[in-house]
Amino acid sequence: MLLYKQLLAFRPSKMDFIFAVKTFIAGMLALYIAFSLDLTYPMWAIGTVVIIVNPYSGMVSSKAVYRLLGTAAGAVVATIMTPHLINTPFLFMSCLAVWVGFCLYVSLLDRTPRSYVFMLAGYTTAMIACNSINNIETISVFDMALGRVLEISLAVVCTAVVFATIFPVHLGPAIQQRVDKTLNDTRQIFQKILTEHHADNNYTELLGAITSDIADIHALAVHLNYEKGELQGMTKPIQELLHQITMIVSNLTAAAERIHQLDAIDEHYQQGLLTLHQHIRAFIVSRAEVQEADLTALPTEFEQDFIHLHQLAKPEQQVALDGLKMDIRHLIQNVFTVKLIWQLIQRGEKHIPESIATLTTSYPSLHRDHGMALRGALAAVVAIFVSFSLWIYSGWSAGYMMAQLAAVSACILTAMDNPVPALKLFIRGSIYAGILTIIYILGIMPEVKEFWQLALVLAPTLIFFVMLYPHPPLTGLALPTMVSFIMSLNLQNRYSIDPLKSFEGCLGSVAGPVIAVMAVYFIRAISPEESASRLLSKHYKAMREALYLPYGVEFRIHLRSMLDRIGVLNTKMVQSADLKTAMNLALIETSAIVDLSRLDELAKRADTPVALQAEIGHLQSLLDDAFRNQEKQLHLATEIQTQVVQQIAHLEQQLEQGSHTDIEQRLRISLNNIRSSIFHISATQVGAYKHG
């Protein structure tokens with residue numbers, strides 16, 4: 001019902017109409033050339049146009065290239081596999097299912113647009129094999145594969161040319177706008193943390209939203225290599241910029257947590273924060289053009305401001321203030337790093353200064369879920385087995401359509417936690433496409449004798465549904481409707497259609513997705529709560545790994561991957577209050593992993609007393625146990641938490657008898673941060689644990 005209301009409320013904009021008309025032109029051009037070359041399946045040419053279109057020319061070009069590469073790979077595999085295994089149906093099904101499952105598995109692990117290549121390589125093999133078997137007496141597998149590649153190539157070229165030449169819309173300005181918004185959001189949050197903390201101490205949701213935005217922009221940046229906009233070829237610098245912004249998110253979270261801790265003890269110190277904020281803001285604004293020498297610069301009043309804060313604070317607040325000072329220092333340095341990279345990008349310079357420790361790796365440091373990828377691959381394997389078995393052993397002439405759409409449907413939406421609702425929409429779109437097909441076959445197509453007539457009768461339907469594409473709530477209906485409609489029409493050079501074959505094709509186009517839905521529902525689909533729990537488990541595993549990582553580029557890359565995981569985590573629409581709390585706390589915990597690394601660093605320093613090294617080692621062992629416990633059950637056992645907090649208290653008692661060296665000061669800060677940010681123990685609770 002909600003979908004119908006959205007359709008009724010839909011009012012296309014001028015840009016929607018231009019986008020749809022460009023798609024129609026590209027589709028008709030591809031279809032006309034396919035007819036002129038007398039290609040076997042011209043519907044694949046126009047169908048591919050409908051699939052790969054996007055309002056942004058760069059995204060069209062990149063998706064087109066990826067589709068072409070995936071199609072070529074799938075064609076090669078189909079050409080090799082089908083002739084040798086066609087006479088052994090069970091072995092053929094097994095090899096095909098394993099190939100598609102493997103390609104889907106790799107695709108789900110690669111959370112970048114290039115994952116499209118692997119997915120296409122999988123289900124293109126299934127599509128070519130299905131059509132080859134269906135036409136085994138008239139067309140060879142090689143000719144079918146070659147035709148598929150030619151038709152896809154034709155669609156790719158036509159689409160890319162049309163979208164690059166007719167009112168092109170570049171992705172660069174959109175990315176620039178989103179980056180500017182992200183930077184502005186961080187500035188506003190920093191201001192709130194230092195000036196409005198008395199009103200709201202919880203910024204994890206706002207900062208978590210920034211991590212989600214960063215993940216989105218990271219994927220979009222890949223397309224910049226395929227367009228001629230202002231940021232053409234700036235994929236790597238943009239991604240490095242985003243990596244560095246995640247460091248700012250970590251700094252902001254840590255600073256907010258220190259201020260929250262200070263406020264819980266006494267608020268008298270707050271008047272000094274306003275002065276600190278004014279000096280920092282004036283200092284950052286004064287550097288309109290950042291130079292490399294500015295990357296380590298601090299406001300001239302920085303030290304004096306913190307001396308003043310220490311004078312205003314109570315004795316039990318001193319360690320937290322030292323931690324805040326360190327967080328603010330790193331924050332300022334990271335802000336200048338981001339400003340410098342952004343300046344270079346806007347000037348068109350791709351290089352990153354050597355003074356900046358780059359976090360961009362040859363393979364993006366993003367969260368990957370091998371377990372869910374494996375389950376998705378298994379669902380695709382089962383869907384292919386079932387659909388091919390029904391086709392082969394029933395002898396249904398339209399079974400090829402069922403089998404190939406089962407393979408496609410099992411692949412295209414598997415990245416979602418629960419693809420079933422989207423696949424149900426896919427089925428609904430296939431039903432609507434069947435109705436449209438019947439109307440066209442019985443009432444319209446018999447009168448079509450020339451190509452211009454065909455274009456004229458397809459225009460209203462094609463343009464209307466493509467106008468829905470840019471609107472996410474309606475895309476899930478419009479895309480499958482158009483794809484199924486084009487495939488069911490089975491357009492040929494002779495301008496005639498076999499009604500019975502088209503009707504059977506419509507049934508097959510519905511049956512295939514139904515099989516995929518069943519396989520995905522029983523094997524792959526999980527609730528948002530279960531997905532969030534899996535991510536939190538991996539979060540605690542990463543916390544444990546951080547215990548033994550030396551601070552440096554490798555550590556920062558690890559932190560980047562943890563923050564990316566939190567960005568994914570914040571997209572989960574969970575209902576459980578406990579899970580929501582754990583999700584919010586995960587960002588706070590991640591901001592303190594630098595203190596886990598610092599423990600290891602201090603324990604290995606030659607000038608650290610042997611007795612202190614032993615006590616730090618014991619704490620590391622307890623932390624390892626705690627994170628292993630949380631990795632298994634999320635909620636930390638009270639006994640283990642008590643042991644950790646008591647060991648921290650024991651270490652602090654030892655430090656009180658020391659000589660206040662740099663080692664001891666850094667260790668105090670780290671112990672305080674671990675207890676407060678990772679185990680969420682407030683100052684008022686510490687006494688209870690000491691005497692527990």
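These legends walk you through several close-up views of a predicted model. In this model, local features need pLDDT of at least 70 and side-chain atom pairs count only at pLDDT 80 or more, while totals for chains, interfaces and linings use all residues. Residues are numbered from 1 along each chain as its sequence is written, and side-chain values use heavy atoms, with hydrogens and water left out.

**View A. Helices α20 and α21 pack together.** Look for α20 (residues 528–546) and α21 (residues 553–569), whose axes (lines fitted to C-alpha atoms over the stretch in contact) lie 10 Å apart at an angle of about 165°. That makes the two helices roughly antiparallel, a term for angles over 145 degrees. Contact (heavy atoms within 4.5 Å) involves residues including Leu 535 and His 539 of α20 and Met 562 and Arg 565 of α21.

**View B. Ile 328 sits in the largest nonpolar core.** Such a core is a set of buried Ala, Val, Leu, Ile, Met, Phe, Trp, Tyr and Cys residues joined through side-chain atoms within 4.5 Å; buried means under 20% relative accessible area, with a 1.4 Å probe and protein chains only. This core has 109 residues, and its largest share, 14 residues, comes from helix α13 (residues 318–346). Beyond its neighbours within four places in sequence, Ile 328 is in contact with Phe 190, Leu 194, Ala 255, Ile 280, Phe 302 and Phe 306.

**View C. Asp 38 has a positive phi.** Its phi is about 55°, although Asp 38 is not a glycine. Find Asp 38 in the loop between α2 (14–36) and α3 (42–52). With a relative accessible area of 56%, Asp 38 is exposed, a word used for values over 50%.

Terms used. Axes fitted to C-alpha atoms, helices over the stretch in contact; angles between N-to-C directions. Helix = DSSP H or I, 4+ residues; strand = E, 2+ residues; numbered from the N terminus. Parallel < 35°, antiparallel > 145°, perpendicular 65-115°, else oblique.
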